[in-house]
Amino acid sequence: MAAATLARRIGRSGVLPLCCRLPAWDRAARPPPGPAQPPGLPLAPCRSFSNNKIQVELDESSGVAMMKFKSPPVNSLSLEFLTEFSISLEKLENNKACRGVIITSALPKIFSSGLDITEMCGKSIEHYTEFWRAVQEMWLRLYGSNMVTVAAVNGSSPAGGCLVALSCDYRIMAENPKFSIGLNEAQLGIVAPFWFKDTFVNVVGHRIAERSLQLGSLHPAPEALKLGLVDELVPEEKLMEKAAAVMAQWLALPDHARQLTKTMMRKAVLDRLVAHREEDIKNFISFVSKESIQKSLRMYMEMLKKRKS
Ligand SMILES: CCCCCCC/C=C/C(=O)SCCNC(=O)CCNC(=O)[C@H](O)C(C)(C)COP(=O)(O)OP(=O)(O)OC[C@H]1O[C@@H](n2cnc3c(N)ncnc32)[C@H](O)[C@@H]1OP(=O)(O)O
């Protein structure tokens, strides 16, 4: 079925209708069709699981899951959020019926505000260790996922929020110039870890990443498109439809070829963190424990609050 037709059928709900079946080269063989269902019962259930901060709906007939961040006010990546995120990804990854996931936000104007700064202020070494391991875990799962991952960026997405989008296979952003995206860590007086940087370089190339990282730039959507930080801009109301169309296009290929290609492209970067995980945690702790860094983070939080009042 042509991607455009599929997208039309998906419509705004973002959920593939039951009549749409994708090609036979699924992630794994599906069970054979059972006996005829009694009238009124759905042919293929749309399974959903919702935790406190993330809602996931999987349409088993299409193999596409919709993951929505729903942690007001700004979908900050707290320890609880990151844990739910990793568990949700793991559940989908282990579900043979799931071949792709669209990641978006249920909140208006914000995709994710990045790592929860309060998790990095005035906490114990044990807490920093647990928090940073959760950040690593989320990235390893998302960047290394076998599923097709599409980010439907429907709001601003600084720092860790940008990392989530960068870790997907494809990024579509709402074409609102008020929405911005980028690794702005330098603006907070902190440094993006090497694997944030590697992920960024793999998307936009060395020169753009270097300039953007040093300046801690947050790029308005049109600029993000020009830099290649996002792949497409679409009007906000068309975002989910477009994400579904892109997903259908990617799922039209045999999984194994796409997965092996993805691994080939990403393995070196993933392996680098896996090999240096404990060292990376130690670096984070020694950096975040510095009084000067604590001061920078506190001042940044105050600035956010002042800007509001
Ligand atoms: C120390 C070692 C470092 C190692 C590397 C660490 C790598 C770090 C990665 C990161 O992700 S750091 C986080 C970077 N994030 C940001 O810079 C975003 C900051 N937030 C904003 O710019 C804005 O809040 C927004 C996302 C554009 C939304 O703006 P809006 O006007 O809609 O909302 P606000 O009124 O600003 O915020 C509401 C509420 O939420 C709090 N908040 C915002 N972002 C965060 C956050 N990242 N962590 C925790 N809390 C956050 C903000 O303070 C407001 O709180 P209240 O005033 O309502 O209490």
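Within strand β10, His-219 is the bridge partner of Ile-181. The structure is a predicted model, in which local features need pLDDT of at least 70 and side-chain atom pairs count only at pLDDT 80 or more, while totals for chains, interfaces and linings use all residues. Residues are numbered from 1 along each chain as its sequence is written. Strands (E, at least two residues) and helices (H or I, at least four) are DSSP runs, numbered from the N terminus. Strand β9 (residues 180-182) runs antiparallel to β10, and 2 bridges join them; two strands pair if DSSP finds at least two bridges between them. The open sheet is formed by 4 strands with mixed pairing, in the order β5-β7-β9-β10. Because β5 (109-110) and β10 (219-220) stand at the edges with a single partner strand each, one side of each has no neighbour in the sheet.

Helices α5 (residues 194-204) and α9 (residues 255-275) pack with their axes 10 Å apart, at an angle of about 180°. Axes are lines fitted to C-alpha atoms, for helices over the stretch in contact, and angles run from 0 to 180 degrees between N-to-C directions. The two helices, α5 and α9, are therefore roughly antiparallel to each other, a term applied to angles over 145 degrees. Trp-195, Asp-198, Thr-199 and Asn-202 of α5 make the contact with Val-269, Arg-272 and Leu-273 of α9, contact being defined by C-beta atoms, placed from the backbone, within 7 Å.

Around the ligand lie 29 residues, of which Ser-113, Gly-114, Leu-115, Ala-159 and Gly-160 come nearest; a residue is near a molecule if its C-beta atom, placed from the backbone, lies within 6 Å of it. Helix α11 gives the largest share of this shell, 5 residues.

Key. Angles under 35 degrees count as roughly parallel, over 145 as roughly antiparallel, 65 to 115 as roughly perpendicular and the rest as oblique. Two residues are in contact if their C-beta atoms, placed from the backbone, lie within 7 Å.
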